[in-house]
Amino acid sequence: MTFAELHHQDTPLLIANVWDATSALAAQQAGYQALGTSSAAIAAMLGYEDGEAMSFDELLYIVTRIRSVSNLPLSVDVEAGFGSSAYEIAEHLKRLVQTGVVGINLEDSSVVNGVRRLDDALTFSGVLKEIRTRLNAGNHHLFLNIRTDTYLLNHEQALQETLLRGRLYEAAGADGLFVPCLTSEQEIEIISEELNLPLNVMCMPDLPMFGRLKTAGVSRISMGNVVHSAMQLKLKNVLQLIQSQQSFAGVFVDESARY
């Protein structure tokens with residue numbers, strides 16, 4: 001089954017969002033069908049703030065390490081593309097294809113001076129169309145999952161703006177639509193019915209159970225950086241425990257652990 005076909009199964013595709021080779025291997029061993037990188041998790045691992053503070057070459061290196069340990073389909077979060085033009089972004093995407101990457105997430109917002117704002121929908125659509133054209137010209141196959149930040153940025157007419165952007169992005173060559181912070185079952189149903197693109201939602205505290213998301217029309221479910229954050233909290237707690245107990249006894253509490 002191709003990566004695109006995984007978005008048309010009987011149940012939504014649950015993407016394991018990973019940040020390094022170890023997390024990728026763990027996800028593969030746990031039986032996930034596909035991997036996606038988390039830009040926030042990779043940035044944190046490398047000591048950066050999220051929002052393209054790291055370089056594309058650093059991201060590419062992490063991707064190559066993930067690919068070295070896992071043969072699962074891999075989609076890469078390229079944020080806003082790490083480029084100021086469609087040409088630059090397309091060149092980056094071609095380099096990802098050469099590593100075996102099958103999909104990417106590209107977002108329609110930009111972080112300027114620490115503030116994230118939605119890009120103009122028509123301008124972004126034009127860039128997206130040129131990226132798709134450049135990829136097609138070189139026979140580079142990528143699943144373009146386009147992230148719209150209408151809900152993430154609390155747009156006052158988030159539903160209407162999402163539908164508008166979804167139609168524009170589909171016409172420009174998008175393969176999927178990712179709407180982080182969308183949790184309303186009613187609005188999920190409307191978006192999935194009104195648009196032809198597979199709908200991707202993300203882990204949130206009030207996100208419905210997977211079965212209800214399936215009924216509402218969701219095709220793909222992402223974790224974002226929530227697993228990485230949970231792991232970091234666990235690490236912090238273990239390190240604090242060692243310091244407070246002045247012993248390694250607490251590390252071996254789990255009898256199932258093997259060291």
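## Basis of the model

Residues are numbered from 1 along each chain as its sequence is written. Because the model is predicted, local features need pLDDT of at least 70 and side-chain atom pairs count only at pLDDT 80 or more, while totals for chains, interfaces and linings use all residues; side-chain values use heavy atoms, with hydrogens and water left out.

## Overall build

The chain holds 9 helices and 11 strands. Both are DSSP runs numbered from the N terminus: helices are H or I with at least four residues, strands are E with at least two. Along its principal axes, the C-alpha trace spans about 60 × 40 × 40 Å. A compact globule of 259 residues would have a radius of gyration near 18 Å, and the chain agrees with this at 19 Å. That radius is taken over C-alpha atoms, and the globule rule is 2.2 Å times the number of residues to the power 0.38.

Of the 259 residues, 44% are buried, meaning under 20% relative accessible area, with exposed over 50% and partly exposed in between (1.4 Å probe, protein chains only). Contact means heavy atoms within 4.5 Å. Among contacts between residues at least 6 apart in sequence, 63% join residues at least 24 apart.

Nine strands form an open sheet with parallel pairing, in the order 1-11-10-9-8-5-4-3-2. Two strands pair if DSSP finds at least two bridges between them. Strand 1 (13-14) and strand 2 (16-18) are the edge strands, each pairing on one side only.

How many residues of strand 8 are buried? In strand 8 (residues 143-147), 5 of the 5 residues are buried, so the strand is largely enclosed by the rest of the structure. In a regular strand, side chains alternate between the two faces of the sheet. Here Phe143, Asn145 and Arg147 lie on one side and Leu144 and Ile146 on the other, and both faces are covered.

Strand 8 pairs in the parallel sense with strand 5 (residues 103-107) over 5 bridges. Gly103 stands opposite Phe143, and Leu106 stands opposite Ile146. Strand 8 also runs parallel to strand 9 (residues 176-178), joined to it by 3 bridges; Arg147 has Phe178 as its bridge partner there. From strand 8 the chain crosses through helix 6 (residues 158-172) to strand 9 in a right-handed β-α-β crossover. Right-handed means that, with the strands pointing away from the viewer, the path from the first strand over the helix to the second runs clockwise.

## Thr148

Thr148 is in the loop between strand 8 and helix 6. Its relative accessibility is 0%, so Thr148 counts as buried. Beyond four places away in sequence, Thr148 touches residues including Asp108, Thr162, Tyr169 and Phe178.

## Nonpolar cores

A nonpolar core is a set of buried Ala, Val, Leu, Ile, Met, Phe, Trp, Tyr and Cys residues joined through side-chain atoms within 4.5 Å. The largest has 56 residues, and Leu35, Leu93, Leu96, Ile104 and Val201 have the most contacts inside it. Helix 3 (residues 56-69) gives the most to this core, with 6 residues. Apart from it lies another core of 6 residues, among them Leu6, Ile15, Ala34 and Phe143.

Beyond four places away in sequence, Ile104 touches residues including Val76, Leu93, Leu96 and Phe143.
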